[in-house]
Amino acid sequence: MTLLRTIGLLCLSLLLFVGRADAGLIFHADLLTGTEAGANSFADQVNRGAPTTGPGLGLGPSRPLSFGTANFFLNDAGTALTFTATVFNIDFTGSQTPGPNDDLVAAHIHAGVPAAPTFSVVWGFFGNPFNDLNSPGAALSPQSDCTAFATGVGGTCTGTWDLTEGNSTTLAAQLPNILAGRSYINFHTTQYNGGEIRGFLVQVPEPATLILVGLGLLGIAGMRRRTV
Ligand SMILES: [Ca+2]
Ligand SMILES: [Ca+2]
Ligand SMILES: [Cu+2]
């Protein structure tokens with residue numbers, strides 16, 4: 001056996017082992033204004049105006065676009081989806097900026113069926129509905145998995161969607177939608193109460209898996225070259 005062939009076979013067998021060991025799934029979301037859709041969202045500037053400080057829709061000085069990122073981990077058993085989100089230029093306390101238009105009013109995960117521009121709220125983690133039932137933030141008012149930045153405008157949120165939690169649904173019922181790319185995380189503000197930023201959950205291949213696939217393919221390529 002050539003060295004390359006040995007490496008290739010070793011990587012493929014490691015890959016099978018990793019596949020069997022399956023340590024859960026990772027998802028990533030980029031939250032942007034441009035991803036919004038539907039009534040009263042950032043996409044609906046006919047009714048909500050361009051992003052301004054207010055008071056009043058589309059009134060007052062303009063304000064910077066909001067954005068963020070979120071990372072999710074679904075455990076091996078598929079019973080808990082843990083997430084952390086970081087968001088900029090949305091006012092998490094109502095006093096990070098003078099005007100009300102950028103104030104956070106609610107944040108959720110939405111999921112649903114194909115071909116719909118917006119999906120139903122399936123699990124809320126700030127404001128209404130609040131579905132992270134075992135979170136310490138359930139005792140707060142408003143109910144919240146989020147913490148404002150000490151300085152600057154925005155904050156972070158973290159929580160876990162457990163198997164039986166949900167807004168008239170459950171994680172178990174929504175997993176097929178999430179795995180099929182039909183879910184997004186959404187932050188709603190006073191000005192865009194239909195949604196100011198959102199991002200679809202996209203599954204991220206684990207780095208170890210990617211490296212093993214790459215080495216396995218290199219090994220196979222090496223085998224082919226030598227046998228020609
Ligand atoms: Ca504000
Ligand atoms: Ca929970
Ligand atoms: Cu929402």
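**Notes on the predicted model**

1. Confidence first: the protein chain has a mean pLDDT (the predictor's confidence in each residue, from 0 to 100) of 90, with 83% of its residues at 70 or more. Residues 14-21 fall below 50, and beyond near neighbours in sequence this stretch has 8 contacts in the model; a contact here means two C-beta atoms, placed from the backbone, within 7 Å.

2. Housekeeping: this is a predicted model, with local features needing pLDDT of at least 70 and side-chain atom pairs counting only at pLDDT 80 or more, while totals for chains, interfaces and linings use all residues. Residues are numbered from 1 along each chain as its sequence is written, and chains are lettered from A and ligands numbered from 1 in the order written.

3. Overall layout: the protein chain has 4 helices and 10 strands, meaning DSSP runs of H or I (at least four residues) and of E (at least two), numbered from the N terminus. Of the contacts between residues at least 6 apart in sequence, 62% join residues at least 24 apart.

4. Look at strand β1 (residues 25-32): 8 bridges join β1 to antiparallel β2 (residues 67-74), and 3 bridges pair β1 with β10 (residues 202-204), also antiparallel. Pairing takes at least two DSSP bridges between the strands. H28 has bridge partners N71 in β2 and V202 in β10.

5. Then there's L179, in helix α3 (residues 171-179). L179 lies 152 residues from F27 in sequence, but their C-alpha atoms are 9.4 Å apart. L179 counts as partly exposed because 15 other C-beta atoms lie within 10 Å; 20 or more would be buried, 12 or fewer exposed, with C-beta atoms placed from the backbone.
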